[in-house]
Amino acid sequence: MSDKRYMASENRYNETMSYRHCGKSGLKLPLLSLGLWHNFGDVDSREEAIRMLHHAFDHGITHFDLANNYGTPFGSAERNFGNIMKSDFAPYRDELIISTKAGHEMWPGPYGDGGSRKYLMASIDQSLKRMQLDYVDIFYSHRYDPNTPLEETMGALSDIVKQGKALYVGISKYPEDKAREAYRLLKENGTPCLIYQGKYNMLAREVEYTAFPLAQKNGVGFIGFSPLAQGMLSDKYLHGIPENSRAALSHGFLQKNQITPEIIGKINRLNEIAAKRGQTLAQMALAWCFHQPAVNSVIVGASSVKQLQDNIDALKNTTFTSEELWIIGEIAG
Ligand SMILES: NC(=O)c1ccc[n+]([C@@H]2O[C@H](COP(=O)([O-])OP(=O)(O)OC[C@H]3O[C@@H](n4cnc5c(N)ncnc54)[C@H](OP(=O)(O)O)[C@@H]3O)[C@@H](O)[C@H]2O)c1
């Protein structure tokens, strides 16, 4: 896929990245993981996607997060990643944690959405084929499906592990009571839940009161998604909506009407605090996620190597005074 054969940097584990155990498990995740929801589909630059994956791994980012429906069109992020995986990362498979998910709408008809055994079993096979992998490291139920018994969804996840198609299982965005039940069922099935994936950033803190304590009590890890609130917690939208931003793109998930005057006011004030800390707002937003010990990793997205490097540099300062934490809480509300 790339012109020259990729050789990973020999310094990849000697830089700023550190690794935390995922819950009570033996698996360590990098503080920063890279998500392929946007920017890795067929509508995106293939060259930049390759450069970002190389850059990430060269800087110790050993975890790439995908889902069956990532990319435009659905499935294209997995397929593109699979091609790069095969051509560039095959020698490094044992140094990588690759996750995928099923749970949102993926294909037409009654079997391509939700939490049924039928959907999950078919989807993992499709994902493995698109990514040209024998197994994924983590397979998630992408969301709770109220129309499928939890026993069925968790049974399918457990069987996927027992069939060797995934090493671990996780759940994403489950309500607290359903997550509790899921942890119990997975434990009973002999495949304890590795990880809970939930939205976490300075503007979205609900998980602090719901997912964090429950995961900790059950020895389950926590990984946060959208730590930059899809880019809102950066200097990108300080003065409106620039071209080429996620909010401006027709295939982006962030809608223009989410960039309200209230949000712009908040991010301007947060940007001032970041400047006083000698960080960009994106760096402060990422570093802030780690003030909670429950957070094992955050999955950041990026549309360029420049952004990715900016984000990696966040790890140079993850310490906050209690006054800074208090002011950030006041501003972000
Ligand atoms: N489980 C779930 O349901 C779920 C849901 C959502 C996401 N996720 C996972 O979490 C990952 C990350 O989500 P996300 O993409 O929303 O994360 P995010 O990190 O909050 O937002 C990423 C976007 O922020 C902008 N950005 C990144 N670094 C920047 C920087 N240094 N300066 C300025 N702007 C910067 C870029 O936007 P532009 O494109 O505008 O440049 C980038 O695409 C996904 O890829 C996926 O793996 C999971």
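Two strands count as paired when DSSP finds at least two bridges between them, and with that in hand I opened this predicted model and looked for its strand order.

**Entry 1, the barrel.** I traced a closed barrel of eight strands, in the order E3-E4-E5-E6-E7-E8-E9-E10, with parallel pairing. From one strand to the next, I noted a twist that averages 30 degrees.

**Entry 2, two of the pairings.** I looked up E6 and E7, which run parallel and are joined by five bridges; in this pair Tyr140 has Gly170 of E7 as its bridge partner. I then turned to strand E8 (residues 193-199), which is also parallel to E9 and joined to E9 by five bridges, with Gly221 in E9 as the bridge partner of Ile195. As for burial, I recorded E7 as largely enclosed by the rest of the structure, because six of its seven residues are buried.

I followed helix H3 (residues 117-131) across strand E5 (97-102), strand E6 (136-141) and strand E7 (166-172), and wrote down an angle of about 140 degrees between H3 and E5. Helix H5 (residues 176-188) packs on the sheet as well, where H5 touches E7 and E8 and makes about 160 degrees with the direction of E8.

I checked the length of H5: at 1.5 Å a residue its 13 residues should span 18 Å, and the end C-alpha atoms are 19 Å apart, which agrees. The residues of H5 that I found buried are Ala179, Ala182, Tyr183, Leu185 and Leu186, and their cover includes helix H4 (150-162), E7, E8 and helix H6 (211-217). Just after H5, I marked Gly190 for its positive phi of about 85 degrees.

Gly333 follows H10 and has a positive phi, near 70 degrees.

I located Gly278 in the loop between H7 and H8. Is Gly278 buried or exposed? It counts as exposed, because I find 10 C-beta neighbours inside 10 Å, and a residue is called exposed at 12 or fewer. I also looked up the separation of Gly278 and Asn317, which lie 39 residues apart along the chain and whose C-alpha atoms are separated by 9.2 Å.

Which residues come nearest to the ligand? Of the 30 residues around the ligand, I listed Gly35, Trp37, Gly231, Ser234 and Gly301 as the nearest. The elements giving two or more residues to this shell are strand E10 (295-300) and helix H9 (305-312), and H9 supplies the largest share, three residues. By residue class, I divided the shell into 10 nonpolar, 15 polar and five charged residues.

Technical notes. Residues numbered from 1 in each chain as written. Predicted model: local features only at pLDDT ≥ 70, side-chain atom pairs only at ≥ 80, totals over all residues. Near = placed C-beta within 6 Å. Helix = DSSP H or I, 4+ residues; strand = E, 2+ residues; numbered from the N terminus. Nonpolar A, V, L, I, M, F, W, Y, C, P; charged D, E, K, R; others polar. Axes fitted to C-alpha atoms, helices over the stretch in contact; angles between N-to-C directions. Contact = placed C-beta atoms within 7 Å. Buried ≥ 20, exposed ≤ 12 C-beta atoms within 10 Å, placed from the backbone. Expected span 1.5 Å × (residues − 1).
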